[in-house]
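Dear colleague,

I am passing on the structure below, and after it I set out what turned up when it was examined. Please read the notes with the coordinates open beside them.

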Protein chains: 2
Amino acid sequence: MEEVFKQEPQIEEPFYFKAYLAEKVNSVNQALDKVVSFKEPQKIHEAMRYSLLAGGKRVFPVLCMAACELVGGEESVAMPAACAVEMIHAMSLIHDDLPCMDNDDLRRGKPTNHKVFGEAIAVLAGDALLALAFEQIANATHGVSPTRIVRVIGELAKAIGSEGVIAGQVADIQSSGLANVSLEHLEFIHVHKTAALLEGTAVIGAILGGGSDEQAEKLRKIARCIGLLFQVVDDILDVTKSSAELGKTAGKDAIANKATYPKLMSIEKSREFAENLNQEAKHQLVGFDPEKAAPLISLTNYLASRQN
Amino acid sequence: MEEVFKQEPQIEEPFYFKAYLAEKVNSVNQALDKVVSFKEPQKIHEAMRYSLLAGGKRVFPVLCMAACELVGGEESVAMPAACAVEMIHAMSLIHDDLPCMDNDDLRRGKPTNHKVFGEAIAVLAGDALLALAFEQIANATHGVSPTRIVRVIGELAKAIGSEGVIAGQVADIQSSGLANVSLEHLEFIHVHKTAALLEGTAVIGAILGGGSDEQAEKLRKIARCIGLLFQVVDDILDVTKSSAELGKTAGKDAIANKATYPKLMSIEKSREFAENLNQEAKHQLVGFDPEKAAPLISLTNYLASRQN
């Protein structure tokens, strides 16, 4: 059976990816469900679970595990880190949705965290998820040298900090409502706000999988492309799809007079840009074992062609 | 000279502690100033610096270094962690002061972070300080085995998470305004909200200093006493001092109808309780090198007798 799969990678690829994705998402969901159980105080753990187990594409944990496997590591060594990056992602969405930030009522088709639990608990649920992310990596990662675990924590913390994700959030807030935002500024926002955590995610996957520094840096480039690709597609979907189709408020960029790729470079050019990023990401995978690179190629295609 | 000091530890003690404290606070302030410099984006680093370098007692970093030195470690190995715990402390104050939480306008005699920078930046400054804390420990700790660094990160993350500090904050929010809060519930709040980070701080100091598990656990007990002591004294000061004397709004516990030790057990009994905690903390230090234990004894006395 194994032999048959190996002989037909091209033919099996689209179907293989769906199964691969479903299996990874399932493993992560099970792990997250176990880590954030119904503990005391109930309210905070309910709030953490509400956002963490509300579905979502699980792009971060899948990328983390795919990067780990790309360089020859086992899924299990990356699982705590995969859970951690999803926790950080959830935390950043909870805080981003707050009335003092984006003031969003809807996320993944459900009321946002603060709408259900109140603002105070939402702030704390975010803080708790951030702490738990580091706790998970430090206490639950097995089969990796402590030296690599320390590197992973340093890399991830830097990625989400004031010169990473948060730098992008600040730049985003500061440009909000401005009449003229340059393409350069828009790219700064997305390289930090969206790509930085993906970069950190891919790099720590590579470190945990036993990858070389060179491999980790290639994965950083791939993740940056994926990050920008994700954002361009998001901007395109915001103007071309309905709230029902997206599971979140559509058209809000235009209402908020937000700088977006379609606004600054037209929808057509945005689609071209997305395609270039898709190609560049895949170009970085040349030289890796093709079988192990297949999930990342498919993941990139999947993000490029997603409809919500 | 060294000999003379050793011969007169009792006589030198009060003066020695002031000098010790001043030197430690100075080292920490210099390190914090260096770590959070005026980088881009300026606004977020300004906001982080505003709360982090606004003075304060620096009890957390001093405890971290004192614990490290108690078990025979050098100050330098604990410095990144000492900065980290102060960052976490600052983050928790920034988020605690938000309108959706305690809604405080004044902190350490100055307007609170969100009053100066707005709520969105205040939320993000807290998040960034939390991330930077872990980055510091992971990337800047030298002269300690990676195994111990991983333990430190796991310990600290657990201390501040949903079963540590945040459990206390949630219990505090939930009991706010309630007519009947039991002494047991009040202790749950303070053991988590105040003592958990001090416990984590002392334990990681011991781990970084090369201490045994037994020594780390003794330091955990000491820190719990110090944490409760700090809170009882805080409650007492809130009813006995003015805003000017405290550098923050006085009498707010009564206005908010908050459960406090003086309210639940009288001021007299609260003072007795504080004295017992002071004695218990010092009792745990029996068996350690008396010279190395002196700073912790003095720190405990200092917290017991503080006037603001």
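**The interface between the chains**

In this predicted model, 43 residues of chain A are in contact with 43 residues of chain B. The area buried between chain A and chain B is about 3,600 Å², and carbon and sulfur atoms account for 76% of that area. On the side of chain A, the residues that lose the most area to chain B are A:Leu124, A:Val150 and A:Ser162, which together make up 15% of what that side buries.

As for symmetry, chain A is superposed on chain B by a rotation of 180° with 0.0 Å of shift along the axis, at an RMSD of 0.0 Å, and this is the relation of a two-fold axis. Within chain A, the C-alpha nearest the axis belongs to A:Pro146, at 2.6 Å from it. Both copies use the same surface, since 100% of the contact residues of chain A recur in chain B.

Polar interactions are also found between the chains: there are six residue pairs in polar contact across the interface of chain A and chain B, and the count of salt bridges between chain A and chain B is two. A:Glu163 forms a salt bridge with B:Lys39, with the closest N and O atoms 3.4 Å apart. At least two residues of the side of chain A that touches chain B come from each of helix 3 (42–52), helix 5 (75–97), helix 7 (119–140), helix 8 (146–160) and helix 9 (165–175) of chain A, and helix 7 of chain A gives the most, with 13 residues. By type, the residues on that side of chain A comprise 26 nonpolar, nine polar and eight charged.

**Helix 9 of chain A**

Helix 9 of chain A deserves a separate look. Nine of its eleven residues are buried, so helix 9 of chain A is largely enclosed by the rest of the structure; among the buried residues are A:Val165, A:Gly168, A:Gln169 and A:Asp172. The buried residues of this helix pack against helix 5, helix 8 and helix 10 (183–208) of chain A, and also against helix 3 (42–52) and helix 7 (119–140) of chain B. After helix 9 of chain A comes A:Gly177, which has a positive phi, near 85°.

**Salt bridges within the chains**

Over all chains the count comes to 31 salt bridges. In one of them the side chains of A:Glu86 and A:Arg108 meet at 4.0 Å, N to O; A:Glu86 lies in helix 5 of chain A and A:Arg108 in the loop between strand 1 (106–107) and strand 2 (110–111) of chain A, so the pair ties together parts that are 22 residues apart in sequence. A:Glu86 is buried, at a relative accessible area of 1%, whereas A:Arg108 is partly exposed, at 26%.

In chain B, the side chains of B:Asp96 and B:Lys193 meet in a salt bridge at 3.8 Å, N to O. Because B:Asp96 lies in helix 5 of chain B and B:Lys193 in helix 10 of chain B, this pair ties together parts that are 97 residues apart in sequence; B:Asp96 is buried, with a relative accessible area of 8%. Another salt bridge joins the side chains of B:Arg151 and B:Asp213, at 3.3 Å, N to O, and it links helix 8 of chain B to helix 11 (residues 213–240) of chain B, the two residues being 62 residues apart. Here B:Arg151 is partly exposed, at 35% relative accessible area, and B:Asp213 is exposed, at 52%.

Lastly, A:Asp96, A:Asp172, A:Lys193 and A:Lys258 are linked in a network of salt bridges, and A:Asp172 is one of the buried residues of helix 9 of chain A.

With best regards

Note on methods. Residues numbered from 1 in each chain as written. Chains lettered and ligands numbered in written order. Predicted model: local features only at pLDDT ≥ 70, side-chain atom pairs only at ≥ 80, totals over all residues. Heavy atoms only, no water. Least-squares fit on C-alpha atoms with pLDDT ≥ 70 in both. Contact = heavy atoms within 4.5 Å. Buried area = accessible area lost by both parts, 1.4 Å probe. Polar contact = N/O pair within 3.5 Å; in protein donor to acceptor, adjacent residues only side chain to side chain. Helix = DSSP H or I, 4+ residues; strand = E, 2+ residues; numbered from the N terminus. Nonpolar A, V, L, I, M, F, W, Y, C, P; charged D, E, K, R; others polar. Buried < 20%, exposed > 50% of the residue type's maximum accessible area, 1.4 Å probe, protein only.
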